[in-house]
Amino acid sequence: WFDVDADGAIDAFEYGLEGIAVSVNWLGLDGVPSADDVNYTTATDSDGMYAVPDLPIGNYTVVVDSDS
């Protein structure tokens, strides 16, 4: 979302940003960064939300592309 007042909270007057690249990295069966990791990519929708369906159970890291 665009944090207009920079308070770290989503306020009623703030809105989501569409088209922001998001990477979700599944940390594999071992649950830590290693060779078995799998990366999934998506983008935010018109409300600034994103979804990655059918993710395996486990640990993840999420990276939002601040340049997009």
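In which loop does Leu29 lie?

Analyst: Happy to. Leu29 lies in the loop between strand E1 (21-26) and strand E2 (38-43); helices (H or I, at least four residues) and strands (E, at least two) are DSSP runs, numbered from the N terminus. A word on the basis: this is a predicted model, where local features need pLDDT of at least 70, side-chain atom pairs count only at pLDDT 80 or more, and totals for chains, interfaces and linings use all residues. Residues are numbered from 1 along each chain as its sequence is written, and side-chain values use heavy atoms, with hydrogens and water left out.

Back to Leu29: its relative accessible area is 80%, so it is exposed (buried means under 20% relative accessible area, exposed over 50%, partly exposed in between, with a 1.4 Å probe and protein chains only). Between Leu29 and Gly58 the C-alpha to C-alpha distance is 7.3 Å, although they are 29 residues apart in sequence.

Now for the setting. The protein has three strands and zero helices, and the elements run β-β-β from the N terminus on. The C-alpha trace spans about 40 × 20 × 20 Å along its principal axes. The radius of gyration is 14 Å, while a compact globule of 68 residues would have one near 11 Å; this radius is taken over C-alpha atoms, and the globule rule is 2.2 Å times the number of residues to the power 0.38. Buried residues make up 18% of the 68 residues. Of the contacts (heavy atoms within 4.5 Å) between residues at least 6 apart in sequence, 45% join residues at least 24 apart.

Two of the buried residues are worth a visit. Glu14, in the segment before E1, has a relative accessible area of 8% and is therefore buried. Its side chain reaches the backbone nitrogen of Asp11 at 2.9 Å, and a polar atom of the Glu14 side chain lies 3.3 Å from the backbone nitrogen of Asp5. These are polar contacts: pairs of N or O atoms within 3.5 Å where, within protein, one must be able to donate a hydrogen and the other to accept it, and residues adjacent in sequence count only if both atoms are side-chain atoms. Leaving aside residues up to four places away in sequence, Glu14 touches Trp1, Phe2, Asp3, Val4, Asp5 and Ala9.

Thr44 sits in the loop between E2 and strand E3 (60-64), and with a relative accessible area of 10% it is buried too. A polar atom of the Thr44 side chain lies 2.9 Å from the backbone nitrogen of Ile20. Residues touched by Thr44, beyond four places away in sequence, include Leu17, Val22, Met49 and Tyr50.

Finally, some exposed residues. Phe13, in the segment before E1, counts as exposed because its relative accessibility is 52%. Ala6 is found in the segment before E1 as well; this residue is exposed at 66% and has a positive phi of about 55° although it is not a glycine. Asp54, in the loop between E2 and E3, also has a positive phi, near 60°, and at 76% relative accessibility Asp54 counts as exposed.
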